[in-house]
Amino acid sequence: MKKIIALLMALLMIGVVFAGCAQSTDTAADATVGADADSDLAYVLEKGTLVVGITDFEPMDYQNESGVWVGFDADLSKLFGEYIGAAVEFVEIDWDNKILELDGKTIDCVWNGMTLTDEVKSSMETSVAYCNNAQVVVVNADVADQYQDADACKELNFAVEAGSAGREQADAYGFTYTEVKDQATALMEVASGTSDAAIIDSLMAAAMIGEGTGYEQLTYTVALNSEEYGVGFRKGSDIAAKFNEFFAEATADGTVDGIAETYGVSAALIK
């Protein structure tokens with residue numbers, strides 16, 4: 001009888017030890033999950049895909065003849081995906097909803113020639129600035145001489161991208177405008193005569209209008225401001241620091257210069 005009791009006691013002690021070990025293991029696992037949950041980079045790597053929010057914006061993000069997204073930002077984001085070990089997926093977004101898309105995890109970053117406005121910097125974790133830019137007025141070339149300053153432009157009806165820096169400038173100058181899907185649509189509005197003018201990024205204007213482009217009849221006149229581009233991640237995201245690390249290395253080894261030359265944005269680079 002004593003042997004049976006002793007055996008039962010031994011088994012009970014073994015059970016307590018194993019329960020303690022299991023509890024310690026579970027606690028460690030929970031701690032790991034908690035740490036990962038706080039890391040945006042870990043979240044992206046776990047799902048294996050960095051979802052990049054963009055619009056159709058040449059020369060930063062646009063589709064080539066094969067339907068593949070290319071451009072300065074697109075090419076750079078693909079290399080960043082390789083750098084962190086994640087595939088890159090491009091999703092066209094409504095620019096006015098970019099912060100909602102980001103916070104709702106429909107996308108993981110906004111990487112589309114995004115101006116570092118006060119709203120953007122307060123709502124997102126932003127990267128270092130990498131390109132200079134300006135918002136410019138686009139009109140038909142045959143009337144350009146009439147609109148060489150902001151005051152003269154006040155009589156025009158503008159097309160601007162919803163939620164964009166262009167719209168902010170239209171508000172700041174008191175212009176009359178209609179919001180459209182993206183900057184490419186704004187240009188189409190002017191070309192078709194639906195709007196008198198558009199406000200778009202100077203980098204886009206240099207790439208898409210004038211001699212040798214699809215909009216030879218258009219030109220740009222007034223620069224309304226000066227600004228800088230950056231990449232936006234979720235507020236508090238650790239991916240922003242990882243991008244800054246990547247960009248510094250890619251700048252040092254000449255990768256950034258090579259991509260910029262391909263898309264004609266070398267003069268705008270911030271180094």
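# Why the labels fit

Just after helix α10, glycine 254 takes a positive phi of about 90°. Helices are DSSP runs of H or I with at least four residues, strands are runs of E with at least two, and both are numbered from the N terminus.

This model is predicted: local features need pLDDT of at least 70, side-chain atom pairs count only at pLDDT 80 or more, and totals for chains, interfaces and linings use all residues. Residues are numbered from 1 along each chain as its sequence is written, and side-chain values use heavy atoms, with hydrogens and water left out.

Q: How do you know that α10 has close to its expected reach?
A: The expected span is 1.5 Å times one less than the number of residues. α10 (residues 239-252) has 14 residues, and 20 Å is expected. From first C-alpha to last, α10 reaches 20 Å.

Q: Why is aspartate 108 called buried?
A: Buried means under 20% relative accessible area, exposed over 50%, and partly exposed in between (1.4 Å probe, protein chains only). Aspartate 108 has 0%, so it is buried.

Q: Why is lysine 47 called partly exposed?
A: Its relative accessible area is 35%, so lysine 47 falls in the in-between class.

Q: What makes lysine 47 and aspartate 108 a salt bridge?
A: A salt bridge needs a side-chain nitrogen of Lys or Arg within 4 Å of a carboxyl oxygen of Asp or Glu. Here N to O is 2.6 Å, so the pair qualifies. Lysine 47 is in helix α2 and aspartate 108 in the loop between α4 (98-103) and β5, 61 residues apart.

Q: What makes lysine 242 and glutamate 245 a salt bridge?
A: Their N to O distance is 3.3 Å, so this pair also meets the cut-off. Both lie in α10, three residues apart, about one turn of the helix.

Q: How do you know that the buried residues of α10 are on the same side?
A: The buried residues are Ile239, Ala240, Phe243, Phe246, Phe247 and Ala250. They cover an arc of only 120° around the axis, which puts them on the same side of α10. The arc is that of the directions from the helix axis to the C-beta atoms. On the other side, Ala241 and Ala252 are exposed.
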